[in-house]
Amino acid sequence: MTELKGYLRDFRLHVPKVISECPGIGIFGRTIRSVLFSTDVSIIRNSNADAIIAVYPFTPQPVITQAVMLAADAPVFVGIGGGLTKGERVIGLGKHAEYQGASGVVVNAPTADETISALKTQLDIPVIVTVVSERDDIAKRLAAGAEILNVSAAAKTPELVRKIRADFPQVPIIATGGPTEESMRETIAAGADAITWTPPSNGEVFRDVMEAYRQNKAHP
């Protein structure tokens with residue numbers, strides 16, 4: 001494949017190549033293998049990930065969704081709560097996210113099955129349910145309307161992905177890949193269809209640039 005590059009935009013973050021080994025998830029005509037975990041608009045704008053997962057530990061706010069959507073040139077999966085934020089507010093946030101152009105909504109592990117069912121009936125974009133433990137009842141989640149599982153179980157993620165894949169061979173799975181190519185490859189081998197990648201922070205990227213400048217070197 002011939003790749004065209006620009007001088008100014010050639011400096012950007014590239015997802016680990018091992019993620020290309022994922023089978024991928026087809027969403028609205030796109031194949032999603034790499035999912036960037038960030039709400040930093042400068043990181044989002046300068047990444048080659050297939051999609052963005054915009055989840056964060058605060059109460060979901062449409063203004064944050066809007067900022068991410070404006071910055072992204074890839075599909076965005078928007079966090080709409082389910083833990084601290086519950087019930088009708090989650091449904092309202094889901095509708096708003098769809099109207100803003102989100103390609104999917106993500107709910108937290110504590111989200112009630114009834115809320116998942118309501119989202120499924122009222123939205124025309126995928127409902128992505130986060131799974132954090134083998135204690136989560138996957139069958140009930142799927143029956144309620146979960147269309148994609150977002151597995152985030154820290155070091156136990158490959159093990160949990162393997163168990164889900166054995167029980168539910170067809171369910172699409174996004175999973176955290178861990179910090180190394182080896183951990184990502186293990187998660188892919190366990191059955192993940194797409195991998196969530198946590199990029200270096202803005203400060204970490206800037207640190208390398210500033211160090212080069214201090215040494216009177218060109219931009220890295």
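Student: Which backbone nitrogen does the side chain of Ser133 reach?

Tutor: The side chain of Ser133 reaches the backbone nitrogen of Arg135, at 3.0 Å. That's a polar contact (N or O atoms within 3.5 Å, where one must be able to donate a hydrogen and the other to accept it; residues adjacent in sequence count only if both atoms are side-chain atoms). Keep in mind that this is a predicted model: local features need pLDDT of at least 70, side-chain atom pairs need 80 or more, and totals for chains, interfaces and linings use all residues. Residues are numbered from 1 along each chain, and side-chain values use heavy atoms, with hydrogens and water left out.

As for where Ser133 sits, look in the loop between strand 7 (127-131) and helix 5 (138-144); helices (H or I, at least four residues) and strands (E, at least two) are DSSP runs numbered from the N terminus. Ser133 counts as buried because its relative accessibility is 14%, where buried means under 20%, exposed over 50% and partly exposed in between (1.4 Å probe, protein chains only).

Now zoom out. The chain has 8 helices and 10 strands, and 46% of its 220 residues count as buried. Its C-alpha atoms fill a box of roughly 60 × 35 × 35 Å along the principal axes. Among contacts (heavy atoms within 4.5 Å) between residues at least 6 apart in sequence, 58% join residues at least 24 apart. Ile80, for one, touches residues including Pro60, Val90, Val107 and Leu119, leaving out those up to four places away in sequence.
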